[in-house]
Structures are given as structure tokens and as C-alpha cells.
Amino acid sequence: MTNTTAFVLSTWLAGALLATESTERTPPGKVVQSGPLRFEEHLIKDGYTYAYGIAAADLDGDGDLDLTSADCVTNNSLYWFENDGHGGFKQHFIQKDDPERLERHEIGDIDRDGRPDVVIVKNCVGDLLWFKNSGTPTDGKLWTRSVIANRKLPGAYDVTLADFDADGDLDVAASSWRLGNNFAWFENDGTPVEGEWKMHLIEEGVSETRMIRAADIDNDGDPDLVGTARVQPLVVWYENIRKPATVLWKKHVIDAQTVQPVHGQAVDLDEDGDIDVLLALGMSFSGKPETEQIIWYENNGTPADGGWKKHVIHRGFHGAFECVAADLDGDKDLDVVATAWGVPGQVAWLENDGDPKGHWTLHLIKDKWLRANQVITADLDGDGRLDIVACAERDALELRWWRNLGRLK
């Protein structure tokens, strides 16, 4: 073989390899300039009958983050989307034909086998379920379905996981929307597949419970709970007080006046070492758009003594539904991503200008996306930048992600 022939052959092989790699990568999406950042928008799935409930985790153990997404009446399915490592996704089923409302869920190792499982609510019927990850989730088989609670939490709505009783396994806490108006937790006794779990009520009769999140609010080493009730209205945290053979919860009110608190996150937004509460208010039901806001409550280090100071990030975010914190622009402080439900519906990020108690700048990512609801952040393409994933329910009926391309150079 001549040097020229070898060069041509090696060049052809290199080109073929590049072509193969390019076919595996996600096709370029629409690039959106959003303030100082650029995002590349991708549709993961459309044609839902009701898109609500998403999460991210490495379900197949290949080192990248996959996605889960729920779809209720009439599709009645729970999907997972296999990440090819570059942000391209292949759909698989965790569950099919599970009637009524599979919705919000969280991922964690329920049976302590080292693999991430899925815990999910069934809203109208009041069930809590968990699905076991076999370790070979791409084999085409549905995941094994186990019941945590059967019709015991009408309106089961939101869910969070933590080891509340310090016995080494993950327990479950849940809210129950307007059909139940309760907060409750369910005890994992170490045999999570053997029948229903013991249910413990935390508080009853709280009008339209929504968010529930586990976090160590008082820095004492155990997981507490943060919750909201939209109609009450109420922003609350429940202090976990462990006693021999039981867990007691002491109620502490953060705010009982703010209009229609919905969804957010327990997160150290000011990075002072304690957990604050980030929230969206309104969901377009307030009738007063100026009260529909993105806010946060500052934990001053003595959260049981009250005095949580409310800071407004943005007023008049019409339809404010959910918000999460993430350093999107790489400047070492936490920004916020938020969705707006209703009309027109949108996804936006709010840039932390350096002092979370001061000025924030809103940047639109997607407009006219009706019924935008749950939003999460995750590095889906492994480039070190946090991307955005969100779904929209009855009108748009889609799951999308926005690749964070960073700042315009």
C-alpha cells in the first residue's frame, strides 16, 4: 500500500467514524438566546394525554442521566427515556395501563439493592406505588409494581423520599391535594415488597396541600419536611422529632398569608449553610397577577423561632407554578428556573445578580407553552452545564429539554 493510498484510506475511515458519531448525536435544535445564555431546545415526546411528573437519574447505570415522565388518562403510562450520553433519548416503559392519574414521582433506592427505583402517586384513586429497577431496564419488560398505599390518600399529589426514622431505608412522605387535604408519611420497614406500608398522618384538613419536600431545616442531622397548601394558604415546615420506636412532627409556620403558594424547593439559596425555601405563588388562580410571584424565605439559622424573611425575586410572573435553583451561568451563585401555568404559559430563568436578597433579572426561554408545569435541572449531555427539563399538560402535552450552551462567546 502506497503512502497516498494509506492516507486516503485513513481519511475515509476517520470521516466514516465522524459520520457514525454524528448520527448518534441529538440533531441540532432551535437555539434560543436568553439573556447572556443560549439554550438549544429539543422535543423529547409529544402526544401525551396529560403530561405531569418528571425526574432524572442514571437508571441503566451507564454514567449519564436518564429521564422519567408520567402520562395519565387515557395513556396511563410511566415512561423512562434512555440517554445516549449526548442528550438523545429512547423511550421505554416502566408501566403501562395503570388507570387514572400517575403523576409526580421521585427516584430512590427503595429496596437497598443499589439501583434507583421510582415512587409515584396516583392522584384521584389515592394510591402510592413503587416500581423496582431490575438492573436491566432496557430489556423491554415492565418494572415490578408494588403498592405502598391502596386508596388511603385520596388526591395523592406530591411525594418525597428520606429516611425519617433512621433505620437505614428510604421512607415516603406525600401530600394529597384537595381530595384529601393531608400530609402523611409511610414507613418502610425494610420489606417494601411485602404488602402496604404503615401510614402515619402528619396533619389533616390543610386545604389543598401541594408541595412536600424533605430537607434538614434545623441542621440537626435528620430530615424535616417542608410543605405548601394553596387554598389555606400555608407555607410550613414540620420538625422531625425522633422518639424511641416512633417519629413525631412539630409544626412551624413559615407564612400563613402569602397568596396561593404552589411549588418550589428547599435549598440554601443564599449559601450561608442553612436551608431556605424557594417558591412559586399563584398558578393563575389569584385574579391579581401582581401577587403571582417567585419568592424565597430566608432561614436565619433559628427556623423554629419563626421570623422567616420573605424576599421577592420577581413580581407579576403570571401563572407561577414551580421553580428550582441552579447555577445556570457558571458564576458560582444560584439562579432560578420557573414555569408559568395557564395562558400564555412559559419557561424562564431568573439571573441572580450576586445578592439573592437584591436584584434578579428575568430571561424568557419559551413563551406560549400552555400549562407548563413541572421543571427540573440536570446535566443531560455531560458538558458540566446544567440543562432544563420541563413538561406541559393539557394543551401542549409535551416533554422538552433545553441544552445549556453557555454564554455567547
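**Labels and their cut-offs**

Reply: T74 lies in the loop between β4 (66-71) and β5 (77-83); strands are DSSP runs of E with at least two residues, numbered from the N terminus. The model is predicted, so local features need pLDDT of at least 70 and side-chain atom pairs count only at pLDDT 80 or more, while totals for chains, interfaces and linings use all residues. Residues are numbered from 1 along each chain as its sequence is written, and side-chain values use heavy atoms, with hydrogens and water left out.

Me: Why is N76 called buried?

Reply: Buried means under 20% relative accessible area, exposed means over 50%, and partly exposed covers the range in between (1.4 Å probe, protein chains only). N76 has a relative accessible area of 11%, and is therefore buried.

Me: How far is the sulfur of C391 from the closest cysteine sulfur?

Reply: That distance is 11 Å, to C72, which is too far for a bond. C391 has 1% relative accessibility and therefore counts as buried.

Me: What makes V389 buried, and which residues does V389 touch?

Reply: V389, in strand β28 (residues 387-392), has a relative accessible area of 0% and is therefore buried. Contact means heavy atoms within 4.5 Å; residues up to four places away in sequence not counted, V389 touches I54, L67, Q374, V375, I376, L380, L399, R400 and W401.

Me: Why is a group of residues called a nonpolar core?

Reply: The term applies to a set of buried Ala, Val, Leu, Ile, Met, Phe, Trp, Tyr and Cys residues joined through side-chain atoms within 4.5 Å. The largest such core has 18 residues, and those with the most contacts inside it are L269, L278, I294, I313 and V336. Two or more residues each come from β20 (276-281), β21 (294-298), β23 (320-326), β24 (335-340) and β25 (346-352).

Me: What makes a space a pocket, and how much space lies in the largest pocket?

Reply: On a 1 Å grid over the protein atoms alone, a pocket is an open set of points with protein on both sides within 12 Å along at least five of seven lines, and lining residues have an atom within 4 Å of a point. About 450 Å³ lies in the largest pocket, the volume being the space filled by probe spheres set on grid points joined across faces, edges and corners. Of its 21 lining residues, the closest to the centre are E106, R213, Q265, V324 and I376. The largest share of this lining, 5 residues, comes from β27.

Terms used: Helix = DSSP H or I, 4+ residues; strand = E, 2+ residues; numbered from the N terminus. 1 Å grid on protein atoms, 1.4 Å probe; cavity = no way out; pocket = protein on both sides within 12 Å on 5 of 7 lines; lining within 4 Å. Disulfide = S-S within 2.5 Å.
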